[in-house]
Amino acid sequence: MKIDEIKRVLSEFSLFKNLSPSEMDKIVEISISRDYKKGSHVFMQDEPIENVYFIHHGKIKVYKSDINGKEQIVAILKQGEMFPHVGFFRKGGYPAYSEVIENASLVAVPILQFEKVLLENPELCIKVFKVLGEKIVDLQERLEAQVLNNTYEQIIKLLIRLARLHGIELSDGQLLLRGEFTNKDLANMIGTTRETVSRTLTKMKKDGLIEVDGSGDMTFNPEVLLEQLL
């Protein structure tokens, strides 16, 4: 990706929309375009934090792994998002792994140089920390769900969250969630087993709460699902 193309890609991010041409040039001149194949890793857990990445195309799975190799999915990120959401103005390693689950084109910005640009542009700095704040709220809500909700309720909240982030809103108020997440993926997002997710989804289909077609695409009314939490 050439410099002009990197500038066009980054200008599509709301983070950079109000920057002046000269301010935008400061970001572009330190940016590097990188392509990744499905199954590869952008970075590994505990590696020194070097870059902030902006997704032009593709999908990235951010996950943690314990000493037994058990995976906990932290986030599924798509076009228009940045990651990681830690590392600014601190030293250390990446707190998780990032795996490419759909061929991806990313723009990498060295974090030390990015920090210098942030310090020179308070408005941009505020935008970055607003994004980080939104991620903190999301993680807090997910943590509360694990503490306060049983597995059935956690699965309901997970389906709604994924559909709102990655799905399509239909004209009748229903949400369509493509069958891109396996039962194992769903289980790893909330710390349960694939079997538990499978049994729960089967029950939800039987109860008429969700519909699943032959491709694994799922449709449901989020308001109806939320009623199950009352």
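# A chat about the predicted chain

Modeller: Buried residues (under 20% relative accessible area with a 1.4 Å probe, protein chains only; exposed is over 50%, partly exposed in between) make up 43% of the 230 residues in the chain. This is a predicted model, where local features need pLDDT of at least 70, side-chain atom pairs count only at pLDDT 80 or more, and totals for chains, interfaces and linings use all residues. Residues are numbered from 1 along each chain as its sequence is written, and side-chain values use heavy atoms, with hydrogens and water left out.

Colleague: Okay, and what are the helix and strand counts of the chain?

Modeller: Eight helices and ten strands.

Colleague: Let's move to strand E3. Why is E3 said to be largely enclosed?

Modeller: Because twelve of the 15 residues of E3 (residues 51–65) are buried.

Colleague: Which strands does E3 pair with?

Modeller: With strand E6 (residues 97–110), antiparallel over eleven bridges. Two bridges join E3 to strand E5 (residues 82–83), also antiparallel, and six join E3 to strand E4 (residues 71–77) in the antiparallel sense. Two strands count as paired if DSSP finds at least two bridges between them.

Colleague: Which residues sit opposite each other there?

Modeller: Asn 51 has Pro 110 in E6 as its bridge partner. Tyr 53 stands opposite Phe 83 in E5, and Ser 65 is opposite Glu 71 in E4.

Colleague: What's in the turn between E3 and E4?

Modeller: The two strands form a hairpin with five residues between them, and Gly 69 in the turn has a positive phi of about 85°.

Colleague: And what's the strand order in the open sheet of four strands?

Modeller: E7-E8-E10-E9, with antiparallel pairing. Strands E7 (168–169) and E9 (210–212) are at the edges with a single partner strand each, so one side of each has no neighbour in the sheet.

Colleague: Switching to charges: how many salt bridges are there?

Modeller: Ten, where a salt bridge is a side-chain nitrogen of Lys or Arg within 4 Å of a carboxyl oxygen of Asp or Glu. One of them joins Lys 61 and Glu 99 at 3.6 Å, N to O. That pair links distant parts of the chain, with Lys 61 in E3 and Glu 99 in E6, 38 residues apart.

Colleague: Are those two buried or exposed?

Modeller: Lys 61 is buried at 9% relative accessible area, and Glu 99 is buried at 18%. Elsewhere, salt bridges that share partners join Glu 5, Arg 8 and Glu 12 into one network.
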